[in-house]
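This report looks at how side chains meet in one protein chain. Please have the sequence and the structure open while reading.

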Amino acid sequence: MEHLSIHDPPPPQPGGGPHPGGPQGPPPPPQAQQLPPQMFTTAAQLLDLTDKKLLLVLRDGRKLIGILRSWDQFANLVLQSTVERVFATVSNPKDPHPKGLYADQLHGIFLVRGENVLLLGEIDLDKDDDPPFGYEKAEFAVVKKLADEQKAAEKSKETRRIKKLATLGFEGENMGEILL
């Protein structure tokens, strides 16, 4: 990727040819300097993703798939035909590799506040119909129940870990919430 700055000269004009000015004529009038597209680091980058199918991962861990229809300067997003995809794993003591399950729940039009977006990416439409690698489609209620159980177990494990660290004198940013 190029590392361009506002001080770099603008790209050459289509049509080429010599610049007016110098010995042939007067210098061109000063133009407003434009930033190259690589310099956009705001919600304006969403312009290229409008009307495309996206995968969003939210801060609370939810995964949404939908078509980006609209957005604003705060990166608030409006998704159409939105589906929430839930993943879970099923362990079998006889099989060393756990089996992955996934399910989709249709939400339709979905408004996502920009600050809640953790990750956003375009979906390859050629591979869209294929199941995620290592996962099988299952009923939403079953997968959701398994995912909630796994999330609760992980939260319990994390709470025990933080309490143990607190007894050793370590203090984290969430210690007040857990110990009170």
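Leaving aside its neighbours within four places in sequence, which residues is Leu-46 in contact with? The model used to answer this is a predicted one.

## The nonpolar cores

Beyond its neighbours within four places in sequence, Leu-46 is in contact with Leu-68, Trp-71, Ala-75, Leu-77 and Leu-120. Leu-46 also belongs to the largest nonpolar core, which has 12 residues in all. Among the other members are Ala-43, Leu-68, Leu-77, Phe-110 and Val-112. Two or more residues of this core come from each of the elements β1 (53–58), β2 (63–71), β3 and β4 (95–112). Strand β1 gives the largest share, three residues.

## The aromatic pairs

There are two aromatic pairs in the count. In one of them, the ring centres of Phe-87 and Tyr-135 are 5.0 Å apart and the ring planes meet at 70°, so this pair is edge-to-face; the cut-off for that label is over 60 degrees. Phe-87 lies in strand β3 (residues 77–92) and Tyr-135 in strand β6 (residues 135–137), so the pair ties together parts that are 48 residues apart in sequence.

Phe-87 has a relative accessibility of 27% and counts as partly exposed. Tyr-135 is partly exposed too, at 27%. Together with Tyr-102, Phe-87 and Tyr-135 form one aromatic cluster.

## The salt bridges

Side chains of opposite charge can pair when their charged atoms come close. Over the whole structure, the search finds eight salt bridges. One of these joins Asp-104 to Arg-85, with the closest N and O atoms 2.7 Å apart. Asp-104 is in strand β4 and Arg-85 in strand β3, so the pair links parts that are 19 residues apart in sequence. Asp-104 is partly exposed at 27% relative accessibility, whereas Arg-85 is buried at 17%.

Asp-104 also forms a salt bridge with Lys-137, where the closest N and O atoms are 3.6 Å apart. Lys-137 lies in strand β6 and Asp-104 in strand β4, so this pair ties together parts that are 33 residues apart in sequence. Lys-137 is exposed, with a relative accessible area of 55%.

Glu-115 and Arg-113 form another salt bridge, with the closest N and O atoms 3.2 Å apart. Arg-113 is exposed, with a relative accessible area of 53%.

Note on methods:
Residues are numbered from 1 along each chain as its sequence is written. This is a predicted model: local features need pLDDT of at least 70, side-chain atom pairs count only at pLDDT 80 or more; totals for chains, interfaces and linings use all residues. Side-chain values use heavy atoms; hydrogens and water are left out. Rings of Phe, Tyr and Trp (its six-membered ring) pair if their centres lie within 6.5 Å; planes under 30 degrees apart count as stacked, over 60 as edge-to-face and the rest as tilted. Helices (H or I, at least four residues) and strands (E, at least two) are DSSP runs, numbered from the N terminus. Buried means under 20% relative accessible area, exposed over 50%, partly exposed in between (1.4 Å probe, protein chains only). A nonpolar core is a set of buried Ala, Val, Leu, Ile, Met, Phe, Trp, Tyr and Cys residues joined through side-chain atoms within 4.5 Å. Contact means heavy atoms within 4.5 Å. A salt bridge is a side-chain nitrogen of Lys or Arg within 4 Å of a carboxyl oxygen of Asp or Glu.
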